Amino acid sequence: MNTKPEVADVVKERSMLLQKEMIADNYDQLTSAGELGKKVSSTYVPGNLNELIMCFDMLNNLPEINAINNAMRKKSGAMIRDAEKMGHSEDVCTYVKADIGNMAKGAIAPNGKPMPVPDLLLLSYTGCFTFMKWFELLRDQYGCKTTMLHVPYQADGRITDNMRDYVVRQLKEEVIPALEEVSGVKFAIDRLREMLRKSAVAEDDFVWVLESAKNKPSPIDAYFGGVYYIGPIFTAFRGTDQAIEYYKLLRAEIEQRLADGKGPVTPEGELKEEKYRLVVEGPPNWTSFREFWKMFYDEGAVVVASTYTKVGGVYDYDGFRHDPERPLESLAEYCLGCYTNRNLPTRVEMIEANMKDYQADGFLINSIKSCNSFSAGQLMMMREIETRTGKPAAFIETDLVDPRYFSPANVKNRLESYFQMIDQKRRAGGTPAAAA
Ligand code: SF4
């Protein structure tokens with residue numbers, strides 16, 4: 001009996017199973033926070049201060065992740081409709097409406113238990129105005145303490161000393177005192193240093209995983225697979241031994257795939273032939289995630305780099321790592337460097353570099369109806385990338401967690417025409433075949 005495929009499946013499953021266990025365990029901890037005597041901080045993925053929160057023995061609840069989980073379970077549509085009945089406009093970010101709608105029905109976590117009332121709303125403001133309005137709504141609902149870390153926008157595409165000092169001062173004078181007050185735990189900077197040291201170890205392996213897509217064929221899909229890979233490091237695990245273990249395991253699996261010359265794993269097994277290598281801008285659609293992914297792998301399209309894997313921290317572009325020697329400064333630089341906190345020229349430069357470094361055949365934008373942070377300026381970005389790289393670009397529109405805005409026939413038609421466009425360009429001598 002040939003056991004090879006089964007062995008490969010088991011190896012593949014280990015990192016996925018570990019990741020699932022970690023996320024489930026985090027939800028169990030959150031929903032048992034009262035019994036465990038733990039305080040809870042709600043905060044957002046971009047600019048999250050996970051290591052700092054853990055220094056105070058607090059748990060980290062991320063509302064966007066709750067909305068994504070509900071979307072993948074096909075529950076977000078009803079929550080959004082409930083929020084709209086409560087008066088929230090159709091144009092509001094659907095993460096917000098999914099959260100508000102869920103809250104109105106008891107804020108049930110994916111494990112079926114009620115989420116705890118947050119003890120602190122910690123708003124690390126990294127470029128999205130919606131973050132502020134969202135926490136205003138939660139503050140009205142919960143009446144809990146709120147702290148804001150104001151992170152200046154990188155309008156000139158760089159971080160100045162003044163910007164860094166301004167964020168560090170707020171960490172010292174506002175955020176740390178608030179965490180001490182809520183938790184009753186005194187801040188210990190050496191504890192933070194130890195966690196940041198662990199963050200940097202996981203970040204190195206994470207970047208290795210992303211950069212493995214420079215190989216042909218790519219052993220990973222950096223968008224549809226990438227959303228699983230970013231899970232631990234973008235949420236409640238940065239700075240933990242579990243994150244180190246997860247990325248070590250994931251890296252070993254991908255090293256094996258590379259050694260075997262294999263392509264990415266899809267929900268229907270391994271991709272046999274890589275026909276198109278794409279760079280994708282924008283978050284994916286979550287309500288029809290599998291259906292959306294299938295439209296790519298059925299055509300042999302592999303995403304070799306995506307901007308979405310940079311929303312919770314940019315580690316690959318300019319080599320940022322959390323630094324235990326400069327703990328508060330590096331937390332400040334992390335927040336300042338978040339993708340949505342960078343100006344459009346910088347985002348274009350990042351995409352252009354990805355197109356070249358990952359030898360992409362084309363650039364695709366999935367424009368999200370309700371996310372202004374990502375969507376503003378995307379048409380300009382598309383034209384600029386086309387001009388700079390000479391590669392074909394395309395634009396599709398879906399939404400994050402609102403099933404009403406995912407039109408499968410339209411998206412599929414657009415993608416099929418786009419792949420034909422890449423083929424035509426190749427025939428005209430513009431782009432060599434991806435797998436060649
Ligand atoms: S508008 Fe976009 S960046 Fe802002 S909260 Fe919604 S999804 Fe996140």
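First, the ground rules. This is a predicted model: local features need pLDDT of at least 70, side-chain atom pairs count only at pLDDT 80 or more, and totals for chains, interfaces and linings use all residues. Residues are numbered from 1 along each chain as its sequence is written, and side-chain values use heavy atoms, with hydrogens and water left out.

Start with the ligand. Which residues surround the ligand? They are Cys93, Tyr95, Cys128, Thr130, Phe131, Trp134, Ser370, Cys371, Ser373 and Leu400. A residue counts as near if one of its heavy atoms lies within 4 Å of the molecule. Helix 7 (residues 129-142) gives the largest share of this shell, three residues. Helices here are DSSP runs (H or I, at least four residues), strands are E runs of at least two, and both are numbered from the N terminus. By class, the shell has seven nonpolar residues, three polar and no charged. Nonpolar means Ala, Val, Leu, Ile, Met, Phe, Trp, Tyr, Cys and Pro; charged means Asp, Glu, Lys and Arg; the others, Gly among them, are polar.

Next, empty space. Rolling a probe the size of a water molecule over the atoms shows where such space is left. The search uses a 1 Å grid over the protein atoms alone. A cavity is a set of points where a 1.4 Å probe fits but cannot get out. A pocket is an open set with protein on both sides within 12 Å along at least five of seven lines. Lining residues have an atom within 4 Å of a point. Points are joined across faces, edges and corners, and a volume is the space filled by probe spheres set on them.

The second largest pocket has a volume of about 280 Å³. It has 17 lining residues, and the closest to its centre are Gln29, Lys38, Met54, Leu59 and Ala236. Helix 1 supplies the largest share of that lining, four residues. The lining splits into seven nonpolar, six polar and four charged.

How many cavities of 30 Å³ or more does the structure hold? Three. The largest cavity has a volume of about 150 Å³. Of its 13 lining residues, Asn61, Asn66, Asp99, Ala107 and Tyr142 are the closest to its centre. Helix 6 gives the most to that lining, with three residues.

The second largest cavity comes to about 90 Å³. Its lining includes Ile23, Tyr27, Asn61, Asn66 and Phe237. Helix 1 gives the largest share here, four residues.

Now helix 14, residues 344-357. At 1.5 Å a residue, its 14 residues should span 20 Å, and the end C-alpha atoms are 20 Å apart, which agrees. The expected span is 1.5 Å times one less than the number of residues. Its buried residues include Arg347, Glu352 and Met355. Buried means under 20% relative accessible area, exposed over 50%, and partly exposed in between (1.4 Å probe, protein chains only).

Finally, the backbone. Just after helix 14, Gln359 takes a positive phi of about 45 degrees. Gln359 is partly exposed, because its relative accessibility is 42%. Asp57 has a positive phi too, near 55 degrees. Asp57 sits in the loop between helix 3 and strand 2. The peptide bond from Lys216 to Pro217 is cis, with omega near -5 degrees. Pro217 lies in the loop between helix 9 and helix 10.
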